[in-house]
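Student: Could you walk me through this model? I'd like to know what stands behind each label.

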Amino acid sequence: MFNRTITISLTGQTESDVDDAFEEAITRLKAGNVSGSDQNKTSSFSFENVPTEEVSSKADEVSEGAQLLVSLDGGQTFQPAPSGVRLIFPDVEVDDEDGPTELHLNATQEGLISDLYTTRGEHLDHIIGTDSQLVSDIVERLVTLGA
């Protein structure tokens with residue numbers, strides 16, 4: 001078990017705005033996100049959920065059953081990521097696309113899912129492409145490349 005410090009910052013024009021921002025931050029924490037932020041015209045939130053005890057960088061020393069580890073400090077420490085890890089690369093350049101485009105990577109215990117979103121009507125409403133790779137396939141490809 002890990003001790004954690006969870007810091008949540010909230011702003012809002014009304015008490016209801018602050019309550020809504022708090023609920024959204026809690027929803028994302030419960031979904032396994034270790035940090036995040038969002039804002040709209042009337043409210044905003046940001047949060048960070050970090051271990052307060054040193055976490056081992058060795059998989060066999062981390063809690064039993066953890067198959068995926070994540071580091072938010074450049075690989076100095078790692079923590080279990082039971083719900084996976086999601087990364088977003090905003091503002092990627094794509095030929096023939098005029099609107100905002102983002103690359104979303106979702107790493108799970110099973111593998112890696114990549115989605116490329118663009119804006120054609122509503123914000124990020126169109127998936128240009130998607131790809132899924134199992135961990136076993138990634139390992140096999142890398143072993144073949146190294147041979």
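This is a predicted model: local features need pLDDT of at least 70, side-chain atom pairs count only at pLDDT 80 or more; totals for chains, interfaces and linings use all residues.

Tutor: Residues are numbered from 1 along each chain as its sequence is written, and side-chain values use heavy atoms, with hydrogens and water left out.

Student: How do you know what confidence the protein has on average?

Tutor: From pLDDT, the predictor's confidence in each residue, from 0 to 100. The protein averages 82, and 86% of the residues score at least 70. Over residues 55–64, though, pLDDT stays under 50.

Student: What makes Phe45 and Phe47 a stacked pair?

Tutor: Rings of Phe, Tyr and Trp (its six-membered ring) pair if their centres lie within 6.5 Å; planes under 30 degrees apart count as stacked, over 60 as edge-to-face and the rest as tilted. Phe45 and Phe47 sit 6.2 Å centre to centre with 15° between the planes, so they pair and they stack. A search of the whole structure finds 1 aromatic pair, and this is the one.

Student: Why is Phe47 called buried?

Tutor: Buried means under 20% relative accessible area, exposed over 50%, and partly exposed in between (1.4 Å probe, protein chains only). Phe47 has 5%, so it is buried. Phe45, at 7%, is buried too.

Student: And why does Ser71 count as partly exposed?

Tutor: Its relative accessibility is 21%, so Ser71 falls in the in-between class. Ser71 lies in the loop between β4 (69–70) and β5; helices (H or I, at least four residues) and strands (E, at least two) are DSSP runs, numbered from the N terminus. Beyond four places in sequence, Ser71 touches Gln76, Thr77 and Phe78, where contact means heavy atoms within 4.5 Å.

Student: What makes phi stand out at Asp91 and Leu124?

Tutor: Most residues other than glycine have a negative phi, and most peptide bonds are trans. Asp91 has a positive phi, near 55°, and Leu124 has a positive one near 50°. Asp91 lies in the loop between β6 and β7, Leu124 in the loop between β8 and β9 (126–134).

Student: Are those two buried or exposed?

Tutor: Asp91 has a relative accessible area of 61%, so Asp91 is exposed. Leu124 has 16%, so Leu124 is buried.
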